[in-house]
Amino acid sequence: AIMEFHATHAHLNLLATAAAHQRRGHARRLLDWLVDSARIAGLERIIVEVRADNAKALAYYANLGFTCKRRLVGYYAWREDALQLVRLLMDPKMAAGRPL
């Protein structure tokens, strides 16, 4: 797992599990740890991009509280679209009132 931490959000760049170790909860535990780390850092949200046609990944992230924010046309090598997913870590009203 690789995640960048910014001033107000985190960007999940990579979450992968070797095929032989999938479906054992490893990715979920990694993501839970990253979410906890982002919350402790006071971040508002986590953002991740997923191939628009990757139904398995989209369902996985939806199950973990991510929602689709927007479609990114040609995101992958100018040929494939991505969906940008967001998981809020704090109430948007609280986030709006915070200084940067």
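Predicted model: local features only at pLDDT ≥ 70, side-chain atom pairs only at ≥ 80, totals over all residues.
1. Ground rules. Local features need pLDDT of at least 70 and side-chain atom pairs count only at pLDDT 80 or more, while totals for chains, interfaces and linings use all residues. Residues are numbered from 1 along each chain as its sequence is written, and side-chain values use heavy atoms, with hydrogens and water left out.

2. Five strands make an open sheet in the order 1-2-3-5-4, with mixed pairing. Strands (E, at least two residues) and helices (H or I, at least four) are DSSP runs numbered from the N terminus, and two strands pair if DSSP finds at least two bridges between them. Strand 1 (2-5) and strand 4 (67-76) sit at the edges with a single partner strand each, so one side of each has no neighbour in the sheet. On average, neighbouring strands are turned by 25 degrees against each other, direction ignored.

3. Two pairings worth a look. Strand 2 (residues 9-14) runs parallel to strand 3 (residues 45-51) over 3 bridges, with alanine 10 bridged to isoleucine 46. Strand 4 and strand 5 are antiparallel, joined by 6 bridges; tyrosine 76 has glutamate 80 as its bridge partner. These two strands form a hairpin with 3 residues between them, and alanine 77 in the turn has a positive phi of about 55 degrees.

4. The helices. Helix 1 (residues 26-40) lies across strands 1, 2, 3 and 5 (80-88), at about 5 degrees to strand 1. Helix 2 (residues 55-63) lies across strands 2, 3 and 5, at about 165 degrees to strand 3. Angles run from 0 to 180 degrees between N-to-C directions, using lines fitted to C-alpha atoms, for helices over the stretch in contact (heavy atoms within 4.5 Å).

5. The core. The largest nonpolar core has 21 residues, and Met3, Leu12, Leu31, Ile46, Tyr61, Phe66 and Leu85 touch the most other members. Such a core is a set of buried Ala, Val, Leu, Ile, Met, Phe, Trp, Tyr and Cys residues joined through side-chain atoms within 4.5 Å, buried being under 20% relative accessible area (1.4 Å probe, protein chains only). Helix 1 gives the largest share, 5 residues. Leaving out residues up to four places away in sequence, isoleucine 46 touches, among others, Met3, Leu12, Phe66 and Leu85.

6. What is the volume of the largest pocket? About 740 Å³, taken as the space filled by probe spheres set on the grid points, which are joined across faces, edges and corners. A pocket here is an open set of points on a 1 Å grid over the protein atoms alone, where a 1.4 Å probe fits, with protein on both sides within 12 Å along at least five of seven lines; lining residues have an atom within 4 Å of a point. Of its 26 lining residues, Leu15, Ala16, Ala57, Tyr60 and Tyr61 are the closest to the centre.

Note on methods:
Buried < 20%, exposed > 50% of the residue type's maximum accessible area, 1.4 Å probe, protein only.
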